[in-house]
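Subject: Structure handover

Hi,

Here is the structure for you to look at. My notes follow below it.

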Amino acid sequence: MGACASLLGGQKVAVHVYTIVDADADPLFGLVASLHGVTGVYLTTVKIGRLEYVYDAGPAKRAAAGGGLATGARTAGGIRSYKARRVHATSKPPMDVHGAEGVRGLKGELPMGTTEATPAQLRDILEELRKEFTPEAYDLQARNPNHFADALCRRLVGKGLPVWANNAAGVAARMGLDLDASLADLANATRDATSMRPASGGANHKQRVGNNGGRVGA
């Protein structure tokens, strides 16, 4: 039994960084955001094996957000998992994940290390985190998917997300900005721009993200 359990450990842990708005692609945003040390607004998930784990808002939070971010199936929210997306620039979370409508694509995959946690230990860790990351506690400034990804990675591999991955939430909180409303506006603008944009040839298929937020590899 012990040997079997050890074989179940040794899983690679990675963070998928989905772009909502990125300074590299939005020069005007980059100019303003750079003044506050923000490189972009991202939604992160944790990939373990064949699954991705994300912290999702509950129905009440979705309804309060409005602005196109509360679409999709009425999921219960909280910590949930789905089949891991491939590492491709066009990959996105399921559209019923809060905020997914505003996602432009996958910035890249950030390797975090290897965990020796068994499936049973992973379940225990997730149950512990569910007490903090409840559907009702979802808050883009104080408790968002990036906070969850950071907490899960710390428990699994002993280190969290790089600062740039969640800088926007901290800056918004300090400045008293309504990040939900801002992201709703961005989602609507992204949807409008996408509907007018011709299909591209599709370079930049696989990529990793460096610790400073830049892409690594091709």
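Two strands pair if DSSP finds at least two bridges between them. Helices (H or I, at least four residues) and strands (E, at least two) are DSSP runs, numbered from the N terminus. The model is predicted: local features need pLDDT of at least 70, side-chain atom pairs count only at pLDDT 80 or more, and totals for chains, interfaces and linings use all residues. Residues are numbered from 1 along each chain as its sequence is written, and side-chain values use heavy atoms, with hydrogens and water left out.

**Overall**

The chain has seven helices and seven strands. Their order along the sequence is α-β-α-β-β-α-β-β-α-α-α-α-β-β. Take the contacts (heavy atoms within 4.5 Å) with a separation of 6 or more: 70% of them link residues 24 or more positions apart.

**Strand β2**

β2 covers residues 40-48, and eight of its nine residues are buried, so the strand is largely enclosed by the rest of the structure. β2 pairs with β1 (residues 11-22) in the antiparallel sense, over nine bridges. Threonine 19 has tyrosine 42 in β2 as its bridge partner. β2 also pairs with β3 (residues 51-56), again antiparallel, over three bridges. Here lysine 47 is bridged to glutamate 52 in β3. β2 and β3 form a hairpin with two residues between them. Glycine 49 in that turn has a positive phi of about 65 degrees.

**Helices α4 and α5**

α4 (residues 119-130) packs on α5 (residues 145-157) at an angle of about 140 degrees, with the axes 11 Å apart. That makes α4 oblique to α5. Oblique is what remains once angles under 35 degrees (roughly parallel), over 145 (roughly antiparallel) and 65 to 115 (roughly perpendicular) are set aside. Axes are lines fitted to C-alpha atoms, for helices over the stretch in contact; angles run from 0 to 180 degrees between N-to-C directions.

Which residues meet? From α4, Leu122, Ile125, Leu126, Glu128 and Leu129; from α5, Phe148, Ala151, Leu152, Arg155 and Leu156. The residues of this contact divide into eight nonpolar (Ala, Val, Leu, Ile, Met, Phe, Trp, Tyr, Cys and Pro), two charged (Asp, Glu, Lys and Arg) and no polar (the others, Gly among them).

**Asparagine 144**

Asparagine 144 lies in the loop between α4 and α5. This residue is buried, with a relative accessible area of 4%. Not counting residues up to four places away in sequence, asparagine 144 touches Tyr55, Phe133, Asp139, Asn166 and Ala169.

Best wishes

Key. Buried < 20%, exposed > 50% of the residue type's maximum accessible area, 1.4 Å probe, protein only.
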